[in-house]
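Me: I've just opened this one and I'm new to it. Can you walk me through a few spots?
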Amino acid sequence: MTAGEGSRTPLQTRVLLVCLATGFTTLLDSAVLTVAAPALRDGLGASTAQLQWILAGYSLTFGIALVPAGRLGDRFGRVWFLVAGLVLFALTSVVSASAQDADVLVVARLVQGFGAGMANPQVIGLLQDHFAGPARARALGAYASTGAFAAVIAPLVGGLVLAVAGPTGWRFSLVLTLPFALAAAALCARFVPRTGPRAGAAPGLDPVGLALLTVTALGLLVPFVLPGSPMARAPWAGVAVVGAVALVGWERRHARSGRSPVLSPELLRAPGFALGCLVATCTFGSALGFSAVLMIYLQEGAGLTPFEAGLVTTPGALASVVAANLSWRLVRRFGRAGVSGAIAAKVPVAVATLLAVLLLPDRFVVVSLVVGQVLTGVTGGLSMSTNQALTLDRAPAGQHGVAAGMLQVSQRISATVCIAGMTGAFVGGVATRGYDAGLAGAIVATALLAVVATACSVLDDVLARRRRDAVEVPAAEATFQPV
């Protein structure tokens, strides 16, 4: 059932509530865990590598589950995949909270990420199934706003739980979203109508492509969590390269056979789509990676309580929400160039923050971080959702669902690598040069990724202008032919 204009039907209201609860649950969980990371590490005696896996493993399995879960939902109906994903998410949150060993928590978070990855593609599918036209735009906007709201309240809620519960507060943080997950699953099973197999749904799951994608992601991730010299970790870089080459070759062959690959070669060749994905990959991964490092720094380096650390990051999250609501004006006026400018602005903000951390007295560093987070929130709010929209607009007709999946997978793998890499580099820097030097390294990494993202965005704009000129000139010549 769909609707375009007018008020929502009761069924649409129930579907929207289920979707909003699902998005809120999965996004709040990962954000709260970032706040609880220092207490969690102390409580379980986790090593740096185990902490990296706990923080980054969720994004890894989340990303890997997105494509097959989305295709299964398209083909066989979404309701029970959404319910199963939420139940799996809820059960593993209990396992996580009761873990007495860091390795148990690592495995639980990997499984929990898989549950979240099963549920989230069904959310977008349900909104597309039950809404149309302006109503669909409003529903998707409400879903995006729910994610933004979760990002705003997560530091404060997580900090408050830790402040009230004390040293074991991190365990309560891990089950904070349990009621929301169970409620969303129950509402979905009770009120959302189930559908049978769908005609025309993309056939097959491409298990070989998924396996190669997993190998490539692990080749990128494992070097950041292995101890030892760079030479000892070098073979994993080779695994990533071989996996990526094999993945590209296999996907081309798979697509030529008429089946649906994980990574569509047609999309990768689409003008602007690959560059837009690179922009999103750099900005999304760096944001999550730096957030994890900042929370550890504020609590262990600056000596703040978890709640006080949440107060430091909340203004930036609010600024991001406000800027995101204004971002479409930027795009309407300047197009892709406006997005490029917003991303480029992250570089001087990072440089100023770096100088403040290294040069200012300790009592002023936290204040400078608040200001830096606000400015970074503005640039992120102006650029992130607009870049995603411009990127998905470049997808060929009939490829928008696959394009959204590819974009999310690339972002999640980027988050996995950046969280693991930045936290590992931070802990190593703290051990040798102190907390300020460790944070400085994460700031430099963020700035470099912003430079790469800016370059990709500018290149996309330049190539798009050339394509438009190439189309307009022949059209003008055809219009003014001599008689």
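Me: Let's start with α13 and α14. How closely do their axes come, and at what angle do they cross?
Reply: The axes of helix α13 (residues 336-344) and helix α14 (residues 346-359) come within 4 Å and cross at roughly 5°. Axes here are lines fitted to C-alpha atoms, for helices over the stretch in contact, with angles from 0 to 180 degrees between N-to-C directions. Helices are DSSP runs (H or I, at least four residues), numbered from the N terminus.
Me: What does that make them to each other, roughly parallel or roughly antiparallel?
Reply: Roughly parallel, therefore; that word covers angles under 35 degrees, while over 145 is roughly antiparallel, 65 to 115 roughly perpendicular and the rest oblique. On the α13 side A342, I343 and A344 make the contact, and on the α14 side K346, V347 and P348. Contact means heavy atoms within 4.5 Å.
Me: Before I go on, where do these values come from?
Reply: This is a predicted model, where local features need pLDDT of at least 70 and side-chain atom pairs count only at pLDDT 80 or more, but totals for chains, interfaces and linings use all residues. Residues are numbered from 1 along each chain as its sequence is written, and side-chain values use heavy atoms, leaving out hydrogens and water.
Me: OK, now α11. How many residues does it have?
Reply: Helix α11 (residues 273-301) has 29 residues and reaches 41 Å from its first C-alpha to its last, close to the 42 Å expected at 1.5 Å a residue. Just after α11, G303 takes a positive phi of about 75°.
Me: Why is α11 called largely enclosed?
Reply: Because 22 of its 29 residues are buried, meaning under 20% relative accessible area with a 1.4 Å probe, protein chains only (exposed is over 50%, partly exposed in between).
Me: And how do α1 and α11 cross?
Reply: The axes of helix α1 (residues 10-44) and α11 come within 8 Å and cross at roughly 55°, which makes α1 oblique to α11. The contact involves T34, V35, P38 and R41 of α1, with S291, A292, M295, I296, Q299 and E300 from α11.
Me: Switching topic: is Q52 buried or exposed?
Reply: Buried, because its relative accessibility is 3%. Q52 is in helix α2 (residues 48-76). Leaving aside neighbours within four places in sequence, Q52 touches G57, F224, V225, A420, T423 and G424.

Methods: Helix = DSSP H or I, 4+ residues; strand = E, 2+ residues; numbered from the N terminus. Expected span 1.5 Å × (residues − 1).
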